[in-house]
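Q: Please take a close look at one part of this structure, the surroundings of the ligand. Then set that part in the context of the rest of the chain.

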Amino acid sequence: MQLTDSCFTKSFYMMGQSLKGCLNCSYCRLTGKEQSKYEKLPSSINPLFRQLPVAVNLFYGDPLLQVEKTIEYLRALEADNHKGPVIIITKGEIWKFPDIKFDLDLHFAFSTFGINSKYDGGSLRTLNANLSSMKNDRIHKYQYSIEFRPVIKGINDSQEAIENIVKIAKKYDAPIGFCGLQVTPELANYFKENNINFEPYEGYDFGLKKAVSKEVEDIFYNMSEKYNVPVFRKTSCLISYSHGLNRDYNAHYYRPNEMRCSKCVMNNTCKSFIQERDISEVTSLNIPFKHTIINKDKHVCYLFKSGVCKFANPDCTNIKGKLIKIEERITSSDVRVIKWLTGYTVDCEFDESEFISDKWSVGKFAQMIDSIKNQLESIQYTNGDLSDIGNEIGISIAKHLTEDNNVNDFIHGVKHGISLIDGTH
Ligand code: SF4
């Protein structure tokens with residue numbers, strides 16, 4: 001069984017809602033036809049999910065077109081003591097977002113098409129203004145970056161366009177992520193109906209893989225060296241770098257040639273993680289599936305083996321090192337969450353799904369314990385007494401009270417516990 005009230009993408013747990021309108025970028029794979037709303041806090045599924053990377057309002061409807069709602073989700077994550085990076089990916093205007101403090105590991109990723117274009121709802125002017133505001137004007141500082149996407153053959157992939165974005169990144173101290181175009185069958189139809197003639201790079205076809213040619217990648221990496229600006233092929237690599245994580249949370253280091261790890265500023269960090277992982281004697285990990293840890297020299301990615309991915313890189317059939325072997329069939333989102341939490345990739349069969357298996361969901365008792373622990377851990381004051389502790393516990397148990405599990409049960413339990421210690425039992 002899958003949990004269908006929470007949604008996962010390749011790199012994020014998703015919290016947000018879609019709108020009826022957005023910025024009308026022609027290349028967007030989200031059409032707004034299907035309305036989405038996912039508001040569940042990650043920790044309400046499993047306390048471990050407090051560590052997950054979360055994207056806010058990454059459905060159809062830019063986060064800065066719905067600032068109040070975006071802030072509402074951020075405040076909910078903050079109140080829940082969320083620990084993982086929280087990302088706002090936007091083409092909107094940052095002046096609409098108040099300069100306020102969030103106790104979150106917050107990141108603004110400014111999405112750009114690299115040029116001013118009829119295909120794009122953003123502009124280079126807005127990109128510059130947003131980055132300038134982040135670097136120079138705002139009192140409350142958060143991580144930020146540039147997401148140059150999608151890079152499309154013959155449209156926005158010239159050396160001039162790429163160099164211009166790298167210069168902007170240099171000016172405002174922003175790392176860059178880039179990727180090609182992902183095209184769903186619906187989007188392919190939309191292109192056809194609207195006479196939009198985007199072409200895939202040679203050797204690729206449009207599909208899941210956001211491919212760009214080697215030549216275009218070379219321009220990015222050459223510019224990265226020339227201007228000393230970190231560039232990343234994958235969003236998770238960029239976020240992991242910006243937020244000082246000890247590895248790419250999406251475990252792309254299993255495909256080091258494809259990801260050009262040797263050119264990456266995180267290379268040593270990811271390598272240390274791999275070395276420690278491969279010498280560790282860990283035999284089981286905190287995941288809800290029966291598993292073993294195995295060593296493989298030539299693991300083949302299941303997406304390639306099952307024919308879903310038609311454009312595999314040689315790395316995809318040469319995966320080395322320790323992996324988690326799971327016999328049961330799980331979902332692609334389960335695989336992602338396992339990578340995010342453990343840093344291990346998974347040897348198993350899986351179905352493509354934006355949902356995870358219900359095995360992740362912890363029971364009510366575990367949720368209540370987590371809620372009390374989390375509330376007490378997030379106390380900001382250092383002097384207090386038992387009434388303060390009672391108050392904090394009251395706040396945390398209030399959300400779990402039911403007719404069968406009411407406050408008198410709790411008080412009865414507290415009195416019983418005391419009686420066991422003071423001899424009045
Ligand atoms: S070293 Fe490789 S896996 Fe690690 S962050 Fe860089 S590109 Fe990603």
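A: The shell around the ligand divides into eight nonpolar, three polar and two charged residues. This is a predicted model. In total, 13 residues surround the ligand. The closest are Cys237, Cys261, Cys264, Met266 and Cys270. Two elements give two or more residues each to this shell: α6 (235-242) and α7 (267-279).

Now the rest of the chain. The protein has twelve helices and 16 strands. Its radius of gyration is 23 Å, close to the 22 Å that the globule rule gives for 425 residues, so the protein is as compact as a globular protein of that length. The C-alpha trace spans about 80 × 50 × 40 Å along its principal axes. Of the 425 residues, 35% count as buried. Among contacts with a separation of 6 or more, 68% link residues 24 or more positions apart.

Next, strand β8 (residues 143-148). Six of its six residues are buried. In a regular strand the side chains alternate between the two faces of the sheet. In β8 both faces are covered. Gln143, Ser145 and Glu147 are buried on one side, and Tyr144, Ile146 and Phe148 on the other.

β8 has parallel neighbours. It pairs with strand β7 (residues 105-112) in the parallel sense, over six bridges. Histidine 107 stands opposite glutamine 143 of β8.

Last, helix α9 (residues 332-342). This helix is mostly covered, with nine of its eleven residues buried. They are Ser332, Ser333, Asp334, Val335, Arg336, Val337, Ile338, Lys339 and Trp340. The cover over these residues includes β2 (7-8), β12 (319-326) and β13 (330-331). It also includes β14 (345-347), β15 (350-351) and β16 (356-357). Just after α9, glycine 343 takes a positive phi of about 85 degrees.

Methods: Residues numbered from 1 in each chain as written. Predicted model: local features only at pLDDT ≥ 70, side-chain atom pairs only at ≥ 80, totals over all residues. Near = placed C-beta within 6 Å. Helix = DSSP H or I, 4+ residues; strand = E, 2+ residues; numbered from the N terminus. Nonpolar A, V, L, I, M, F, W, Y, C, P; charged D, E, K, R; others polar. Buried ≥ 20, exposed ≤ 12 C-beta atoms within 10 Å, placed from the backbone. Contact = placed C-beta atoms within 7 Å. Pairing = 2+ DSSP bridges. Rg over C-alpha atoms; globule rule 2.2 N^0.38 Å.
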